[in-house]
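Student: I would like to learn how to read the packing of helices across a chain interface. Could we go through it together with the model open?

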Amino acid sequence: MIVVEYVVGALFAFAGLASVIRIVKGPSILDRMIASDMLLTTLICVLAADMVFSGHTRTIPVIIVLALSAVFGSITVARYVSRQDPS
Amino acid sequence: MIPQSVYDVASSVLLIGGALLSLAAGIGLLRFPDALSRMHAATKPQIFGLILVLAAIALDQHTVGTIASLLVVLVFQMLTAPISAHMIGRAGYRNGDLLRDQLVVDELDEAVARAAGELADTVEGDEADIDVSDLPVGSADALAVELDRVEGLGEHDADDGEVDRDVEGRPSTAGEQGGSRPGGL
């Protein structure tokens, strides 16, 4: 089980790092939004994995709220995005 | 009764599967060329990866209350992920934030061209008289009016669909605007 913890942790860490790199590099705001969506998904998965490894269910409400509110950020940004030069 | 170790192994396998999906999404996010294909990669763990990880919790805990809460998470994610993907994809298409030479087929472009042709035949370009709400939702005409509006907005960089405000921040009346503009979304 401890090996699984390290493997899963490394994979999720890479996914989070990749989305942070994409947030920093851009180039457009939509890329950043996609990456931040994915960072949030990774966070949900990490919380879930922590529940499996530690054998508790305390963070289920956090996961519910994250799954509910994840949509608002990307909708808001996508709604007000206008034609722009890639920067 | 199934021993706990079986549940542990099963949930470990599911967790690794979910983590591998996240890894694939991370690689896709870094290496894919444009926003739409990055979105394709990034949405893989959003539903299927989440299903795997939540199934791992369900196997690990296997109590009714936990599984019910996890179902709530899954249902909300399944309801909201397509909405945000739709909004981002639409904004990306309108922004031109895509590599057209990588597209195999672009049905939206054909629909927009067809709608623009129909619109030019019927009303001869007087877009101020057209209200989107009069047209059937999602029809070619409505799409063309919408597209005209968005392209017009890009030229004098107004806020997309927001009420025009005067200097003091009050919403300006329709009379000052000199004609009805097609309503916001």
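Student: Which residues of α2(A) and α4(B) meet?

Tutor: Start with the rule: two residues are in contact if their C-beta atoms, placed from the backbone, lie within 7 Å. Helices, for their part, are DSSP runs of H or I with at least four residues, strands are runs of E with at least two, and the numbering starts at the N terminus. Here L30(A), M33(A), I34(A) and D37(A) of α2(A) meet S84(B), I88(B), A91(B), G92(B) and N95(B) of α4(B). Keep in mind that this is a predicted model, in which local features need pLDDT of at least 70 and side-chain atom pairs count only at pLDDT 80 or more, while totals for chains, interfaces and linings use all residues. Residues are numbered from 1 along each chain as its sequence is written, and chains are lettered from A and ligands numbered from 1 in the order in which they are written.

Student: How many nonpolar, polar and charged residues does the contact of α2(A) with α4(B) have?

Tutor: For the classes, Ala, Val, Leu, Ile, Met, Phe, Trp, Tyr, Cys and Pro count as nonpolar, Asp, Glu, Lys and Arg as charged, and the others, Gly among them, as polar. The contact of α2(A) with α4(B) has 5 nonpolar, 3 polar and 1 charged residues.

Student: What is the angle between the axes of α2(A) and α4(B)?

Tutor: Axes are lines fitted to C-alpha atoms, for helices over the stretch in contact, and angles run from 0 to 180 degrees between N-to-C directions. Angles under 35 degrees count as roughly parallel, over 145 as roughly antiparallel, 65 to 115 as roughly perpendicular and the rest as oblique. The axes of α2(A) and α4(B) cross at roughly 160° and come within 10 Å, so these two helices are roughly antiparallel. As for handedness, a crossing is left-handed if the near helix is turned anticlockwise from the far one by less than a right angle, and right-handed if clockwise. α2(A) passes α4(B) in a left-handed crossing.

Student: How do α2(A) and α3(B) pack?

Tutor: Their axes are 9 Å apart, at an angle of about 15°, which means that α2(A) is roughly parallel to α3(B). The crossing of α2(A) and α3(B) is left-handed. On the α2(A) side the contact includes I44(A), A48(A) and A49(A), and on the α3(B) side L50(B), V53(B) and A56(B) are among the residues. Sorted by class, the contact of α2(A) with α3(B) has 12 nonpolar, 3 polar and 1 charged residues.

Student: And at what angle do α3(A) and α4(B) pack?

Tutor: About 10°, with the axes 9 Å apart, so α3(A) and α4(B) are roughly parallel. Among the residues making this contact are I64(A), L68(A) and V71(A) of α3(A), together with V72(B), F76(B) and I83(B) of α4(B). By class, there are 16 nonpolar, 5 polar and 1 charged residues in the contact of α3(A) with α4(B).

Student: How many residues does each chain bring to the contact?

Tutor: Chain A brings 45 residues and chain B 48 residues. α1, α2 and α3 of chain A each give two or more residues to the side that touches chain B, and α2(A) gives the most, with 15 residues. That side of chain A divides into 32 nonpolar, 8 polar and 5 charged residues.

Student: Where does the largest nonpolar core come in, and which residues have the most contacts inside it?

Tutor: In soluble globular proteins, nonpolar side chains tend to be buried together. A nonpolar core is a set of buried Ala, Val, Leu, Ile, Met, Phe, Trp, Tyr and Cys residues joined through C-beta atoms within 7 Å. A residue is buried if 20 or more other C-beta atoms lie within 10 Å of its own, exposed if 12 or fewer, and partly exposed in between, with C-beta atoms placed from the backbone. The largest core here has 51 residues, and I34(A), A48(A), A49(A), V53(B), A56(B) and I88(B) have the most contacts inside it. Both chains supply elements that give two or more residues to this core, including α2 (29-54) of chain A and α4 (64-95) of chain B. The largest share, 14 residues, comes from α2(A).

Student: What is I88(B) in contact with, leaving aside its neighbours within four places in sequence?

Tutor: L30(A), M33(A), I34(A), S74(A), A78(A) and M39(B).

Student: Is H62(B) buried or partly exposed?

Tutor: H62(B) is partly exposed, because 13 other C-beta atoms lie within 10 Å. H62(B) is found in the loop between α3 and α4 of chain B.
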